[in-house]
Amino acid sequence: MIKIAKFRFKHAVMNAGKSQELIRTHYNYKVKNQNVLVLTPSIDNRNGIGIISSRTGDKINANSVMPGTMRSWLTNYFDNNEEDVICILIDETQFFIKDDILAIKELAVLTKDIPVIAYGLKVDFKGELFEGSAAAIAIAEEINEIETVCAFCNSKSIMNLRFDNKGQPVREGDQIQIGDSEYKPVCHKHYIDDNVRIIV
Ligand SMILES: [Zn+2]
């Protein structure tokens with residue numbers, strides 16, 4: 001891969017293979033013995049703090065950064081690590097706050113000339129932009145989508161639908177609820193369909 005210092009945001013819905021692509025990209029650098037900095041928000045501890053795993057079973061270690069502390073974390077990292085970072089990969093970008101994303105752009109891309117690839121969900125289960133993703137969309141030089149199909153038909157999936165423990169769609173509640181609910185990628189037609197059900 002050519003080192004072009006820019007911020008790329010790769011967004012997707014749930015289960016589209018974001019972590020899998022991040023892990024593959026990480027591997028491509030690692031086989032060349034290049035230093036890749038992998039960051040994940042500490043809010044996401046489904047797989048243990050600082051571990052990124054794909055549904056296909058691959059796992060890599062990551063630096064767990066608490067949302068809201070990216071500016072000081074990066075400053076500290078660059079002050080204490082001499083080794084050149086070839087690329088920064090960010091998992092679950094949506095859970096970071098706006099200033100975290102601005103800090104990555106300013107301190108890594110603009111100041112250190114390090115390219116960034118950020119992976120994340122664009123919208124929450126209510127169809128609202130996540131703060132971290134909105135910031136990433138605003139400052140990215142390049143935006144790509146990792147596409148997948150609807151869980152209920154073969155249309156392109158653009159929304160994330162939350163289901164309760166009875167398998168019924170949920171449209172109210174907190175934006176972040178990790179572990180307790182199940183999510184499915186859906187097309188817009190099935191997003192607004194109250195009759196969809198999943199087996200839980
Ligand atoms: Zn559909």
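Author: Two strands are said to pair if DSSP finds at least two bridges between them. In this predicted model, strand S2 (residues 36-41) and S5 pair in the parallel sense over 3 bridges. Within that pairing, Thr-40 has Ser-64 in S5 as its bridge partner.

These strands belong to an open sheet of 6 strands, ordered S5-S2-S6-S7-S1-S8 and paired in parallel. Strand S5 (63-65) and S8 each have a single partner strand and stand at the edges, so one side of each is left without a neighbour in the sheet. On average, neighbouring strands of the sheet are turned by 20 degrees against each other, direction ignored.

Helix H1 (residues 18-30) lies across strand S1 (7-12), S2, strand S6 (87-90) and strand S7 (116-121), and runs at about 165 degrees to S7. Helix H4 (residues 131-139) lies across S1, S7 and S8, and its direction is at about 135 degrees to S1.

A further point of detail is Ser-54, located in the loop between strand S3 (51-53) and strand S4 (59-61). Its relative accessible area is 9%, and Ser-54 is therefore buried, the cut-off being under 20%. The side chain of Ser-54 makes a polar contact with the side chain of Thr-56 at 2.7 Å. Leaving aside neighbours within four places in sequence, Ser-54 is in contact with Ser-19, Gln-20 and Ile-23.

The remaining part to be described is the zinc site. The protein donors of the zinc ion are Cys-150 (SG), Cys-153 (SG), Cys-187 (SG) and His-190 (ND1), at 2.1 to 2.4 Å from the ion. The 4 donor atoms subtend angles of 102 to 114 degrees around the zinc ion, and the arrangement is therefore tetrahedral. For comparison, the ideal angle for four tetrahedral donors at a metal is 109.5 degrees. Along the sequence, the spacing of the donor residues is C-x2-C-x33-C-x2-H. Cys-150 lies in the loop between strand S8 (142-145) and strand S9 (159-163), whereas His-190 lies in helix H5 (residues 188-191), so the pair ties together parts that are 40 residues apart in sequence. Cys-150 counts as buried, at 4% relative accessibility. His-190 is also buried, with a relative accessible area of 9%.

Terms used: Residues numbered from 1 in each chain as written. Predicted model: local features only at pLDDT ≥ 70, side-chain atom pairs only at ≥ 80, totals over all residues. Heavy atoms only, no water. Donors = N, O, S within 2.8 Å, 3.2 Å for Na, K, Ca; no water. Tetrahedral: all angles 85-135°; square planar, octahedral: opposite > 155°, others 65-115°. Helix = DSSP H or I, 4+ residues; strand = E, 2+ residues; numbered from the N terminus. Buried < 20%, exposed > 50% of the residue type's maximum accessible area, 1.4 Å probe, protein only. Polar contact = N/O pair within 3.5 Å; in protein donor to acceptor, adjacent residues only side chain to side chain. Contact = heavy atoms within 4.5 Å. Axes fitted to C-alpha atoms, helices over the stretch in contact; angles between N-to-C directions.
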